[in-house]
Amino acid sequence: MQDFARANSPTRSKSLMLSDVRIRLAGRTLLALSATVMPGEILTVMGPSGSGKSTLLAFAGGFLDPAFEASGKVLIGDEDLTGLAANRRHAGILFQDPLLFPHLSVGGNILFAIPQSVSGRRARRELAEQALDEVGLAGFFDRDPETLSGGEKARVALQRVLISAPRFLLLDEPFSKLDTALRQQTRDLVFFKARASRLPAVLVTHDEADAEAAGGLVIEIGREGDG
Ligand SMILES: Nc1ncnc2c1ncn2[C@@H]1O[C@H](COP(=O)(O)OP(=O)(O)OP(=O)(O)O)[C@@H](O)[C@H]1O
């Protein structure tokens, strides 16, 4: 438990730097940008469909398809992550689809993400229950994820990401499948948690209201004249 608290300590939070990133596809520059995201800040990336928003997140997270040619760096503080495999970068990623493991219970999904440094069955279970409780899902531990509403799934996905002690967050339109009221509520929760955990975050969205709520720098890619 203590290890986990230390791993999540705000003092460990560092800025995320995307330095001189240039991504090419079939000989054409798809996108080129540089940005620094401070701990607790949310950078929003907007642009038309196909402009490379998800590709940028894949570059940052270390899962870029080899069809792309990329140059530039991804740094956390002064640590260069560029050459590291995805599992060694410790990015917390939320997609449009919550992607909960269907063969595990809700609690099992959370337990799965708790770092191995947290030892003891009981401590791990307590941590998972606390994470569910925090987002209004007390008593959901044994539920089958398939039986959850869209908003409930989104909250489990959020807690699963945060409990994994990520070093930065990549948010790929995580609210776009939710209806308006729920979207707003979930967005507020995700942004609140991102700020409270002092993690730098990159949000990809088509929605101006998301960008406004994120409250940070907004970068538009894929407009005429870019690249
Ligand atoms: N594996 C791949 N091989 C070749 N081209 C790809 C591959 N993945 C994506 N692309 C192309 O790269 C471009 C950027 O795709 P990307 O998914 O990053 O766009 P996006 O801005 O996130 O779009 P959307 O808003 O529709 O999700 C698109 O033209 C897409 O067709």
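The legends below describe close-up views of a predicted model of a protein with a ligand.

**View 1. Confidence in the predicted model as a whole.** Averaged over the protein, the pLDDT is 92, and 93% of the residues score at least 70. For the complex, the predictor reports an ipTM of 0.97 together with a pTM of 0.92.

**View 2. An open sheet of four strands.** The strands of this sheet follow the order E2-E1-E4-E5, and their pairing is antiparallel. Strand E2, which covers residues 28-37, and strand E5, which covers residues 79-80, form the edges, each of them pairing on one side only. Strand E1 (residues 16-25) and strand E4 (residues 68-76) run antiparallel and are joined by eight bridges. Leu18 stands opposite Val74, a residue of E4. Helix H2, made of residues 53-61, packs on the sheet, where it touches E1, E2 and E4, and its direction makes about 120° with that of E1.

View 3. Eight of the nine residues of H2 are buried, so the helix is largely enclosed by the rest of the structure. The buried residues of H2 are Lys53, Thr55, Leu56, Leu57, Ala58, Phe59, Ala60 and Gly61. Just after H2 comes Gly62, whose phi is positive, at about 90°.

View 4. Ala60 has its place in helix H2. Because 22 other C-beta atoms lie within 10 Å of its own, and a residue counts as buried when that number is 20 or more, Ala60 is buried. When its neighbours within four places in sequence are left aside, Ala60 is in contact with Leu18, Val74, Ala91, Leu170 and Val202. Two of these partners, Leu18 and Val74, are the residues that stand opposite each other in View 2. Thr44 lies 16 residues away from Ala60 along the chain, and the C-alpha atoms of Ala60 and Thr44 are separated by 14 Å.

**View 5. The shell of residues around the ligand.** Around the ligand are Leu25, Gly47, Ser49, Gly50, Ser51, Gly52, Lys53, Ser54, Thr55, Asp65 and Ala67. Sorted by class, this shell contains two nonpolar, seven polar and two charged residues. Which element gives the most to the shell around the ligand? Helix H2 does, with three residues. Among the residues around the ligand, Lys53 and Thr55 are also buried residues of H2.

Technical notes. Residues numbered from 1 in each chain as written. Predicted model: local features only at pLDDT ≥ 70, side-chain atom pairs only at ≥ 80, totals over all residues. Pairing = 2+ DSSP bridges. Contact = placed C-beta atoms within 7 Å. Axes fitted to C-alpha atoms, helices over the stretch in contact; angles between N-to-C directions. pLDDT = per-residue confidence, 0-100. Near = placed C-beta within 6 Å. Nonpolar A, V, L, I, M, F, W, Y, C, P; charged D, E, K, R; others polar. Buried ≥ 20, exposed ≤ 12 C-beta atoms within 10 Å, placed from the backbone.
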